[in-house]
Amino acid sequence: MRTEPHIATQDAPRGPMPALDDAVLEDVRRIWGFDALRPLQSEAIAAGIAGRDSLVVMPTGGGKSLCYQVPPLAAARAGDARIDVCVSPLIALMKDQVDGLRSNGYPAAALHSGMAPDERDAVRRAVRAGEVRLLFVSPERLLANGFDAWLGTVGVRAIAIDEAHCISQWGHDFRPEYRQLARLRASFPRASLHACTATATPRVQQDIVSQLELRDPLLLVGSFDRPNLVYRVEPRADGRKQLLEVLGRHRGDAVIVYCLSRKETESLSEFLRKEGFHAGCYHAGLAAEERHRVQEAFAEERLDVVVATVAFGMGIDRSNVRAVVHMTMPKSVEHYQQETGRAGRDGLESECVLFHSYADVVKWQSIIDSSADEARARLGENGADDAAFEALDDSVAQGRAHLEAMQRMAGTAVCRHRWIVEHFGQEWHARPAGCGACDVCLGEVRMMPDSTTVARKLLSAVVRTGQRFGAAYVADVVRGAETEEVARRGHASLPTYGILRGEDRNALINCVFQLVEHGLLARTEGDHPVLVLTAEGHRALRGELEVALRAPPRGRGRRHATAREVHGAHEVDTSLFERLRALRRELAAQRGVPPYVIFSDATLLEMAARRPSTLAELAGIKGVGEKKLADLGETFLAAITTG
Ligand code: ADP
Ligand code: ZN
């Protein structure tokens, strides 16, 4: 499997950027310990140094931060007295970024509302004294009264806008406070603007360019593919059992499990704790301190599994998340891409598993409908004009289209990497043996034996029971369940009663939902929807159609030696790797920073594979820069050589 993201560059009208000089590469080596830049990074950094506006779209883990962190150093060398600013929506992330940069000896600071006044004063003084080259601020602060004027007196060279898709209402994560950033151009006419984001369709890219008034921007769009992620999509039968199987492959690893409801996150995390996992739950309904506590425990590696609603994610920055599990289907491919994107940011192999059922689609549809009804009622009360109603209709239609795309992705038999890349409008470079990193290409997708017959039996049961019931009841009839309801309705005497005896109830319910998905059954409208046969359903019942039903996969072990076991040509000493992780945890706790600020998993893995025995050898490892070598070199060497 490839481990470096494949990066494609789009030529800009002004032609390619000039090559970077050696001093820049030396910065990258000295501060970050990387011996090369990725192709798109080089271009973005060159644009940043030249003061040319840019829009960088790179998948999570692609290395966006370097794009705006490197240019300020070059500007300082060239004697430019102005500073660079990075606008970031999340205060928690800002603090971690600044901690990480400072531990590398990089002159960064942040200004945000979570700081005490004297802390803020100290930062302002440091900025004035020229000790800060990159200043992180929140969007509301940047354009707050007086602050932009103050910055103007300091002089702003360039402004990077992180998570730039938040400015677009066509995106999936529109934030009203980002709208104000449209004023940046007017407020800082001499600064160049650099937008970056992980998820932006061409339409959102266009919107970012026009909202921010970017001038002849260099457009750099990386591939949406994340080659180190292994995608798996399974019909959900017994969700908890399926989850345990995934977690069994990731003992001691960081895992995020996404659920739809708050209640579900609570009961599921409780269940996992009983099963012996260090699990916690996270959702927007928890008190702020509790959320903070969970986030911190996860970042500090005291918690392995977080069961969360989508509220969890934007603020976490743990690069070694080894699995992201969706217990239910997200409402769009964009959400799926962003949530799964939290896995494997360190470039090491990680797994993304989606459990889904047609029931999820039904749920999302009803959420879309009821929120549209509410919005419509509000518009009516406020006497809104037709345009407002039309805009609402548009956004409802868009919500449905997003959902349908997600549904297609879950149901596809095409390579998942390919499907995602093509969904985002990019070309997929096919490989004869498949991607090697999705359930389709790995040959794990299992079909129900005799799918067509099973489908006919289920359809027949729907007809025999009068097309008046839901999936669970139909499943009970065909499996010959002795329930009170079946007895009362006299359905135990039907010829279809018990024709699928011995099959798992949840698996059967899932099959019924698949029949809805295939358009063979339809759900009626109203408060008590029931299943009825469609014209296609009747054809299938008559045996005129082949039907393919997916079955949940059987238990599988690890599919092959992972990045953890083999690193390059070297075998990883896994017990040494675990010891280095423990050392990292200890050092991080002493210093009050998250562990990844010490070293990333990728760096520890390389240490455990190459076993450096001198400082010079240690310096050759990716992620070991000059300051860290001086700070931590001896400690880590001692741990490696005594191990
Ligand atoms: P993004 O913000 O795009 O999600 P990051 O900037 O956090 O990505 O980088 C992702 C990971 O890749 C980090 O662990 C970072 O240290 C690593 N990385 C970035 N650039 C390079 C490089 N040129 N060489 C090696 N590793 C890199
Ligand atoms: Zn594939």
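Visitor: Is Arg249 buried or exposed in this predicted model?
Guide: The model is predicted. Buried means under 20% relative accessible area. Arg249 has a relative accessible area of 11%, so Arg249 is buried.

Visitor: Which residue forms a salt bridge with Arg249?
Guide: The closest N and O atoms of the pair are 2.4 Å apart. Arg249 lies in the loop between H12 and E9 and the partner in strand E13, so the bridge ties together parts 102 residues apart in sequence. The partner is Glu351.

Visitor: How many salt bridges are found in the whole structure?
Guide: Arg249 and Glu351 form one of them. Arg400 and Asp369 form another, at 2.6 Å from N to O. That pair links helix H17 to helix H16. A search of the whole structure gives 41.

Visitor: What arc do the buried residues of helix H12 cover around the axis?
Guide: The buried residues of H12 are Gly239, Gln242, Leu243, Val246 and Leu247. They lie on the same side of H12, because their arc is only 140°.

Visitor: In which helix is Leu580 found?
Guide: Leu580 counts as buried, at 0% relative accessibility. Its contacts beyond four places in sequence include Leu604, Met607 and Phe636. Leu580 is found in residues 574-591, helix H24.

Terms used:
Residues are numbered from 1 along each chain as its sequence is written. Chains are lettered from A and ligands numbered from 1 in the order in which they are written. This is a predicted model: local features need pLDDT of at least 70, side-chain atom pairs count only at pLDDT 80 or more; totals for chains, interfaces and linings use all residues. Side-chain values use heavy atoms; hydrogens and water are left out. Helices (H or I, at least four residues) and strands (E, at least two) are DSSP runs, numbered from the N terminus. Buried means under 20% relative accessible area, exposed over 50%, partly exposed in between (1.4 Å probe, protein chains only). Contact means heavy atoms within 4.5 Å. The arc is that of the directions from the helix axis to the C-beta atoms. A salt bridge is a side-chain nitrogen of Lys or Arg within 4 Å of a carboxyl oxygen of Asp or Glu.
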